[in-house]
Amino acid sequence: MSIYQSKNINNSTLQHSPMSEFLVSIFLVFLSSSVPSRKENSSRCPLRVLRAAGGKRLFICHLNRTQMFVQMDIRVDRDGTQIHSRSLLVELVFLLDPPANVTVSSTGQQGQLNVSWVPPPLKYMDDSMMYEVSYTTADSDVGQVEVARACSELILRGLQPGTKYKVRVRVKLDGISYSGYWSAWSDPVFMETLPAELDLLIVSLTLIISLVLTGLSLAILLSHRRFLVKKIWPTIPTPDSKFQGLFTVYGGNFQEWLGRTNGGLWLTPAFFTPEECPSPLEVLSEFSLCPSLASPPLPPKASKALTRSRKEEMDVRKGLDEREPLERVDAALTEGWRTTTHDQWLLDRLRAFHRNPMPSSQSSLLESQDAYVTLNANNRNEDEHLDDILEETLPLEVLFASRKTVLCESHSDLGSVQQSSGSGRLSSQSSFEYPNHMWMPKGPGYTYMAVADSGVSMDYSPMSRVEDIGKVVIYANEYRNEIPAHGRPFPSRQHLVSGDG
Amino acid sequence: MIFNVNFFSFVSVTAGLLALLLILLEWTRPGLPSPLRPICDLRVLNHFIKEARDAEVAMKSCREGCSLSESVTVPQTRVEFDVWEKKNALEQAKEVQSGLWLLQQALNLLRTSVTNTALHSHIDNSIRNLLSINAVLRSLNIQEYTPPASAAGLEGTWSVSSAADLLQVHVNFLRGKVRLLLLDAQACQQDVS
């Protein structure tokens, strides 16, 4: 026979005399079927007092015969007078003992625990029982609760690995057939979950993804390394390249450097900046006026300088070996200035000149039978020259092809101009001479090719004939972009070249 | 070619005869119903109990138009476990079935007595559920109950005069005796073991 505890119905009335025991009896009256009489089938039940926490007292009465599914009227009498009465159904007020033998074990999987218990030994009520499993970590107060119905074990999932858990169970009847109150919590059981283990899949995936990302970033960095290098380590321009030896040899002493190099290195900086817009060149051929003086061979830089563009006049030194520099000059003058027969003639003139030493005077220079071409980009100068310009026909004509665009092209491009054919042709037909007072030679040893550029026309001509030296005056001719079929008659040795006008 | 025709005709005739035979067998199948699968899940009964409880609660909140016209005979719902266990299965089944029959009569009377339309659905549900419980009992191979000629004088009965008492008896009967009978049913015991 199971034990039923009757709760103390009303505490307050029984507490005003705490020291004495009360003879309290409970009259249990069961609803009778035949006659709804209060006294019939009633039985008395002696009470037992049990002290509880908080000064409360529990009066306990054991029922011999428990009749369920029928209304039970309870009456509490004290000293013959009724103090309490209540009607209830016994199967609806169950308070069970907590589950016994709560055991917690590991299921073998991460974050899981298996909780099992023994349900209260009540017949016919096993499937009406409802359980609550409370599990909490040892440090936190708030626990989670899992509900289990009509079964005596439960698997807890979603637990933290490697932590200690406190597990408790309590029971209640589900309230359909039988009902009641929650039992007390069972004694807590402590159990530790399996320690965390590295998931192989996650680790491998993480490694692969990190490798892929590193590879991608490296590839991007490498593809843009030039850009990055420019941004992070920008090149600070230094003038070392322009001034060779200025810092290395002379330690920054500019004057020394200037003195040593004699300005000849002016050529080199310009060489490395070919993008400067070329302007008409002044091509001077240099050779020593005195026979003893052997003019140094023309440095190769001179030829290159011809193609270089400068706004001011530039001198080109030529050596005694006229042919070669001339050729270089020819090659350099990619306007297409060709002097095929002119070379030979010029060489002859040079030799003639050497045989006849020239006085170092302007007039002698001018009277030299050397051809000279000067390119003067200064229009102002040309205007002056135009006054003295006379027309002349020369045995040797220098025709060249030039392109306007060539003037502004770099050195490297000038060489390719020869192959291009422009729409027009230009030619110069005659040479000219500076009058003596207008020509200022750079110094002895130079032969000049004087060119007057009026801005519209450019004339290149050598001082072609000895006999013409005296009478030749400088003049300018038209700079025409056409076949020189009309206009001034061309000498026989003129070469038509084509070029853009 | 003739052989093919003969073979084909033979096959077709055989198939037709076979089909005809199957149809005949199906038609002339003995009319006895096949045994019902035992309903051992108590959730069915729990559902009935819940609906009966809803009806009782609804009746308690009813003020008017919800009274029995006359007293009805209802079964006793009292259960003492040791007393119940002493009875054999037949007695238990008889007790449950007679009680169900009495309740059906009482609820039919209640249905006609109550004028409150809100209660009509509850009472109809309860009547329907009682019939379903009879079907459940039938599935458990429990013999059909042959009702007596009159309800008066049956042992183990008493009468109630209020609708609330009637519905309370109804709920208690389902929760107690009916449930115990289904719980201990022999057909279900074999499945469990």
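This is a predicted model: local features need pLDDT of at least 70, side-chain atom pairs count only at pLDDT 80 or more; totals for chains, interfaces and linings use all residues.
## Pairing of strands

Two strands are said to pair if DSSP finds at least two bridges between them.

## The three-stranded sheet of chain A

In chain A, an open sheet is built from three strands in the order 8-9-12, with antiparallel pairing. Strand 8 (100-106) and strand 12 (153-156) of chain A each have a single partner strand and stand at the edges, so one side of each is left without a neighbour in the sheet. On average, and with direction ignored, neighbouring strands of this sheet are turned by 15 degrees against each other.

Strand 8 of chain A and strand 9 (residues 113-118) of chain A run antiparallel and are joined by five bridges. Which residue of strand 9 of chain A is the bridge partner of Val104(A)? The partner is Val115(A).

## The four-stranded sheet of chain A

Another open sheet of chain A consists of four strands in the order 11-10-13-15, and its pairing is antiparallel. Strand 11 and strand 15 of chain A are its edge strands, since each pairs on one side only. Neighbouring strands of this sheet are turned by 30 degrees against each other on average, direction ignored.

Strand 10 (residues 129-137) and strand 13 (residues 164-173) of chain A are paired in the antiparallel sense over nine bridges. Within strand 13 of chain A, Leu173(A) is the residue that stands opposite Met129(A).

## Two residues with positive phi

Most residues other than glycine have a negative phi. Asn101(A) is not a glycine, although its phi is positive, at about 55 degrees. Asn101(A) belongs to strand 8 of chain A. Its relative accessibility is 59%, and because exposed means over 50%, Asn101(A) counts as exposed.

Ala150(A) likewise is not a glycine and has a positive phi of about 55 degrees. Ala150(A) is located in the loop between strand 11 (144-149) and strand 12 of chain A. With a relative accessibility of 44%, Ala150(A) counts as partly exposed.

## A buried serine in a loop

Ser183(A) is part of the loop between strand 14 (180-181) and strand 15 (189-192) of chain A. Is Ser183(A) buried or exposed? Ser183(A) counts as buried, because its relative accessibility is 5% and buried means under 20%.

A polar atom of the side chain of Ser183(A) lies 2.8 Å from the backbone nitrogen of Val171(A). If neighbours within four places in sequence are left aside, the contacts of Ser183(A) include Val171(A) itself, Arg170(A), Leu95(A), Leu96(A) and Asp97(A), together with Pro98(A) and Pro99(A).

For residues 200-222 of chain A, an unreviewed UniProt entry gives the feature "transmembrane region". Over these residues the chain is 100% helix and 0% strand, and the end C-alpha atoms are 33 Å apart.

In chain B, helix 2 (residues 43-60) has 18 residues, which should span 26 Å at 1.5 Å a residue. An α-helix has 3.6 residues a turn, so residues three or four places apart point the same way.

How values were computed. Residues are numbered from 1 along each chain as its sequence is written. Chains are lettered from A and ligands numbered from 1 in the order in which they are written. Side-chain values use heavy atoms; hydrogens and water are left out. Axes are lines fitted to C-alpha atoms, for helices over the stretch in contact, and angles run from 0 to 180 degrees between N-to-C directions. UniProt positions are given in the numbering used here, feature names are shortened, and annotations may be inferred rather than shown by experiment. The expected span of a helix is 1.5 Å times one less than its number of residues. Buried means under 20% relative accessible area, exposed over 50%, partly exposed in between (1.4 Å probe, protein chains only). A polar contact is a pair of N or O atoms within 3.5 Å; within protein, one must be able to donate a hydrogen and the other to accept it, and residues adjacent in sequence count only if both atoms are side-chain atoms. Contact means heavy atoms within 4.5 Å.
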